[in-house]
Amino acid sequence: MSTFKAPKGTYDLIPPVSETFLAVREALAAPLRRAGYGYVETPGFESVELFARGVGESTDIVTKEMYAFTTKGGDELALRPEGTASVLRAALEANLHKAGNLPVKLWYSGSYYRYERPQKGRYRHFSQVGAEAIGAEDPALDAELIILAVDAYKSLGLRTFRLLLNSLGDKECRPVYRAALQDFLRGLDLDDDTRRRIDINPLRVLDDKREAVQKQLTGAPMMRDHLCEACKTYHEQVRELLTAAGVEFEDDPKLVRGLDYYTRTTFEFVHDGLGSQSAVGGGGRYDGLSEMIGGPELPSVGWALGVDRTVLALEAEGVELHVPASTQVFTVALGEEARRTLFGVVTELRRAGVPTDFAFGGKGLKNAMKSANRSGARYAIVAGERDLAEGGVQLKDLQSGEQAPVALGEIVAELRRKLV
Ligand code: ATP
Ligand code: MG
């Protein structure tokens, strides 16, 4: 061990788990790529103000969890705590919304940073795959994104996740509801922090995890009973489209994203094998966000799925992903002459598309064959000076143990036939 350790709340991804991680990332993104979403990559840090406005001054993310800093040049930046604000900023900056092809559909994958209290499933550095569909108000778009997330989880073999669904209303009906909720909350016995929340972000109180608070919320007015006709119809259409696609969901009237620019559809994916860090992904519609960050009116919808927690969910269900061995051929050369010749064969095989590795470090036959077996390769090429003098190498099938001589000039073609 060195003097250093990974910082608190972080962990390293190391083979073979790192391969699972990559496979999960790819599986979460695959349905998006098939549905017309284009890849977007934004910087790991942004102006702190973008997140203050784009995530919300009153959220835990902005008040407690952000890694904000001042640069040597005096810029106020923050490591990105989430993806939506950055992606929308990038789309607006590149004028993607003006290209006449709405919605602009984008997906992303990367690292996010939150100064949280670390525990299983809750880290200070974590990974998300996300998607945003910018500039269209259409229940089919909300449904599309939810279906793509469900298909992604299913493609990984996850079975016991649940989809929670709610509508948060819009700028017509939400203010009326908000006032009714505030009236109700003001009559409760709550601590000072929570009282302050009633003024700035009352919907978030519904989300309070404490039992003493939850008990008092019985009888609280619910958004679903205050939806205007337009929001009701919209939500009903989303629900119908999900049902038609065979997607099961649970209506959860308390599911909130408590900011004014989050509107209508809101949803969360939870997995019951993860203890209290049960949310594996979430998202919703954010019709007012573009204007919050200085853009035009662009109704949009998106989600972000947590890669770390999806990997934990797979573990909890005992699902093992089929990750193909990265090495298919392992090459063992005995003696200097053979090393030179076979190192050339290794390069040739790799260039021909065959994942190949080599016994480095001048190991003896026994150790080299151990490495061959550990590599997960299907075949080993073994040759010493005498084999080469006779014009051939030994090709060993590491599964069956069978071994046969192959001419040096034939080995690449032979392995390509067998493997590519
Ligand atoms: P939570 O309620 O668990 O704090 P959140 O509402 O803050 O989640 P989002 O901002 O919606 O989470 O992020 C989407 C997904 O990213 C979450 O569902 C989760 O899977 C993952 N995620 C969020 N924060 C963390 C974290 N600190 N460590 C690991 N994964 C995280
Ligand atoms: Mg959180």
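Which residues of H12 are buried?

Reply: The buried residues of H12 are Val307, Asp308, Arg309, Thr310, Val311, Leu312, Ala313, Leu314 and Glu317. Some ground rules before going on. The model is predicted, so to speak of a local feature takes a pLDDT of at least 70 and side-chain atom pairs count only at pLDDT 80 or more, whereas totals for chains, interfaces and linings use all residues; side-chain values use heavy atoms, leaving out hydrogens and water. Residue numbers start from 1 along each chain as its sequence is written, with chains lettered from A and ligands numbered from 1 in the order in which they are written.

Now the helix itself. H12 covers residues 307-317, and nine of its eleven residues are buried, so the helix is largely enclosed by the rest of the structure. Buried here means under 20% relative accessible area, exposed means over 50%, and partly exposed is in between, with a 1.4 Å probe and protein chains only. The helix and strand labels are DSSP runs numbered from the N terminus: helices are H or I with at least four residues, strands are E with at least two. Just after H12, glycine 318 takes a positive phi of about 70°. In the domain assignment (bounds from an automatic or database assignment), domain 1 is 17-173 + 227-317 and domain 2 is 329-418. The centres of these two domains, taken over C-alpha atoms, are 48 Å apart.

On its own, ligand 1 has 580 Å² of accessible area, and the protein covers 85% of that; the areas come from the Shrake-Rupley method with a 1.4 Å probe, and for residues only the protein chains shown count as cover.

As for the shell around ligand 1, strands E6 (125-134), E10 (279-285) and E11 (300-306) are the elements that give two or more residues to it. E10 supplies the largest share, three residues. There are 14 residues around ligand 1, and the ones that come nearest are Arg114, Glu116, Arg122, Tyr123 and Arg309; near means having a heavy atom within 4 Å. By class, the shell has five nonpolar, four polar and five charged residues, where Ala, Val, Leu, Ile, Met, Phe, Trp, Tyr, Cys and Pro are nonpolar, Asp, Glu, Lys and Arg are charged, and the others, Gly among them, are polar.

A salt bridge is a side-chain nitrogen of Lys or Arg within 4 Å of a carboxyl oxygen of Asp or Glu. Arginine 122 is partly exposed at 22% relative accessible area, while glutamate 116 is buried at 11%. Glycine 121 sits in the loop between strand E5 (104-113) and E6, and counts as buried at 6% relative accessibility. Its C-alpha is 7.7 Å from that of leucine 274, though glycine 121 and leucine 274 are 153 residues apart in sequence.

The structure holds 29 salt bridges. In one of them, the side chains of glutamate 137 and arginine 264 meet at 3.7 Å, N to O. That pair links distant parts of the chain, 127 residues apart: glutamate 137 is in the loop between E6 and helix H5 (139-155), and arginine 264 is in strand E9 (residues 263-271). Glutamate 137 is partly exposed at 48% relative accessibility, whereas arginine 264 is buried at 7%. Check the backbone there, too: arginine 264 has a positive phi of about 45° although it is not a glycine.
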